[in-house]
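Please read the following walk-through alongside the sequence and the model. It goes through the covalent links, then the strands and cores, and then some single residues.

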Amino acid sequence: MRWSSLLVGACAFGVGILACVGDEVAPGAVPPDGGGAATEDGSSSSSTSSTSSTSSTSSSSSGSSGADASSSSSTTGGPGTPALYMFVTSKEYNGSMGGVLEADKRCQAAGSLLRPAGKFIAWLGSADRPDMAPLIPAGRTWYASNGTTFIATTEDLLGGAGLKHQDFELDETGKKIASNAPVWTAVTATGKARAVNCNNWTTLLPGQNGAISYPATKGPKWTEDGNNERSCSFESRLICVEVLP
């Protein structure tokens with residue numbers, strides 16, 4: 001009886017108003033300390049609300065994360081849809097690679113370190129790959145292996161404008177290669193194959209050459225560098241492009 005009287009008195013003088021009025025808290029209001037009105041059994045009435053809120057937040061966060069993984073845009077960085085990966089191989093190869101499909105396997109192996117389920121192909125021209133355009137998906141963007149450096153759009157790769165980022169020097173591990181490191185290409189600035197391709201990337205015979213370029217070069221020279229070519233016994237890197245997430 002004594003405690004009841006004290007509680008009534010406290011309410012009368014405005015002490016512990018929330019405890020007395022219980023649920024009459026402004027809609028949407030959250031106590032800054034995470035606490036809530038005491039219930040009759042002494043537990044916090046906000047525990048269920050807090051759990052619900054946490055669950056909701058977790059669900060929202062999880063949903064957002066899933067969306068980012070599948071639909072990140074070119075403005076936020078991070079490959080997803082439509083953004084994809086593009087890199088230079090850490091390994092060097094001579095011009096006899098067994099053809100472009102075998103070169104694709106080298107890019108696939110390297111690219112799987114970035115996205116195991118992705119599909120990667122080599123940026124190489126040959127009689128077996130006369131045009132890169134049918135293989136490059138429209139409306140996409142590409143990022144370097146760090147996931148944040150914007151490299152190009154579909155139009156940049158196939159329109160002759162060149163890459164947006166001149167410092168395209170990251171391999172599949174994120175390591176920066178030398179700015180003067182050459183790559184095999186035999187692909188023009190508009191994606192067409194060149195005839196200087198080590199007999200379709202299958203030979204080391206003397207007198208056979210392959211076209212090279214320097215990916216760190218501004219403009220279309222990242223893929224088509226005039227008459228810059230090397231003997232097929234020369235070892236160079238590949239440019240790998242993700243074409244499907």
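The torsion about the S-S bond of cysteine 198 and cysteine 232 is about -110 degrees, so this disulfide is left-handed. The coordinates come from a predicted model. In it, the sulfur atoms of cysteine 198 and cysteine 232 are 2.1 Å apart. Cysteine 198 belongs to helix α6, while cysteine 232 sits in the loop between β7 and β8, so the bond ties together parts that are 34 residues apart in sequence. Cysteine 198 counts as buried because its relative accessibility is 0%. Cysteine 232 is buried too, because its relative accessibility is 0%.

The count of disulfides comes to two. The other bond joins cysteine 107 to cysteine 240, with an S to S distance of 2.0 Å. Here the torsion about the S-S bond is about -75 degrees, so this disulfide is left-handed. Cysteine 107 lies in helix α4 (residues 100–111) and cysteine 240 in strand β8, so the pair links parts that are 133 residues apart in sequence. Both cysteine 107 and cysteine 240 are buried.

Strand β8 spans residues 239–244, and glutamate 242 is part of it. Is glutamate 242 buried or exposed? Glutamate 242 counts as buried, because its relative accessibility is 0%. What polar partner does the side chain of glutamate 242 have in the side chain of another residue? The partner is arginine 115, and the polar contact between the two side chains is 2.6 Å. A polar atom of the glutamate 242 side chain also lies 2.9 Å from the backbone nitrogen of tyrosine 85. With its neighbours within four places in sequence left aside, glutamate 242 is in contact with residues including Leu84, Gly118, Lys119, Phe120 and Trp142.

Valine 243 is another residue of strand β8. Valine 243 counts as buried because its relative accessibility is 6%, and the cut-off for buried is under 20%. Not counting residues up to four places away in sequence, valine 243 touches Leu84, Lys119, Ile121, Leu135, Ile136 and Pro137. The C-alpha atoms of valine 243 and arginine 140 are 9.1 Å apart in space, although the two residues are 103 residues apart in sequence.

The next topic is nonpolar packing. The largest nonpolar core has 24 residues, and Met86, Trp123, Ile136, Leu157, Leu163 and Ile239 have the most contacts inside it. Which elements give two or more residues to this core? They are β1 (83–88), β4 (150–153), α5 (154–158) and β8. Another core lies apart from this one; it has 22 residues, among them Ala110, Leu114, Trp184 and Ala211. Leaving out residues up to four places away in sequence, tryptophan 123 touches residues that include Met132, Ile136, Leu157, Trp184, Trp222, Ile239 and Val241.

Strand pairing comes next. Strands of a sheet pair through backbone hydrogen bonds, either parallel or antiparallel. Three strands form an open sheet in the order β5-β6-β7, with antiparallel pairing. Its edge strands are β5 (183–184) and β7 (229–231), each of which pairs on one side only. Strand β6 (residues 209–213) and β7 pair in the antiparallel sense over three bridges. Within this pairing, alanine 211 stands opposite glutamate 229 in β7. Alanine 211 is also among the residues of the 22-residue core.

Strand β3 (residues 141–143) and β4 also pair in the antiparallel sense, over three bridges. Tyrosine 143 has phenylalanine 150 in β4 as its bridge partner. The hairpin of β3 and β4 has six residues between the strands, and in it glycine 147 takes a positive phi near 80 degrees.

Alanine 186 has a positive phi, near 55 degrees. Alanine 186 is placed in the loop between β5 and α6 (198–201), and alanine 186 is buried because its relative accessible area is 0%. Tryptophan 201 has a positive phi near 60 degrees. Tryptophan 201 is found in helix α6, which also holds cysteine 198. Like alanine 186, tryptophan 201 is buried, because its relative accessible area is 0%.

Definitions and conventions:
Residues are numbered from 1 along each chain as its sequence is written. This is a predicted model: local features need pLDDT of at least 70, side-chain atom pairs count only at pLDDT 80 or more; totals for chains, interfaces and linings use all residues. Side-chain values use heavy atoms; hydrogens and water are left out. Helices (H or I, at least four residues) and strands (E, at least two) are DSSP runs, numbered from the N terminus. Buried means under 20% relative accessible area, exposed over 50%, partly exposed in between (1.4 Å probe, protein chains only). A polar contact is a pair of N or O atoms within 3.5 Å; within protein, one must be able to donate a hydrogen and the other to accept it, and residues adjacent in sequence count only if both atoms are side-chain atoms. Contact means heavy atoms within 4.5 Å. Two strands pair if DSSP finds at least two bridges between them. A nonpolar core is a set of buried Ala, Val, Leu, Ile, Met, Phe, Trp, Tyr and Cys residues joined through side-chain atoms within 4.5 Å. A disulfide is a pair of cysteine sulfur atoms within 2.5 Å.
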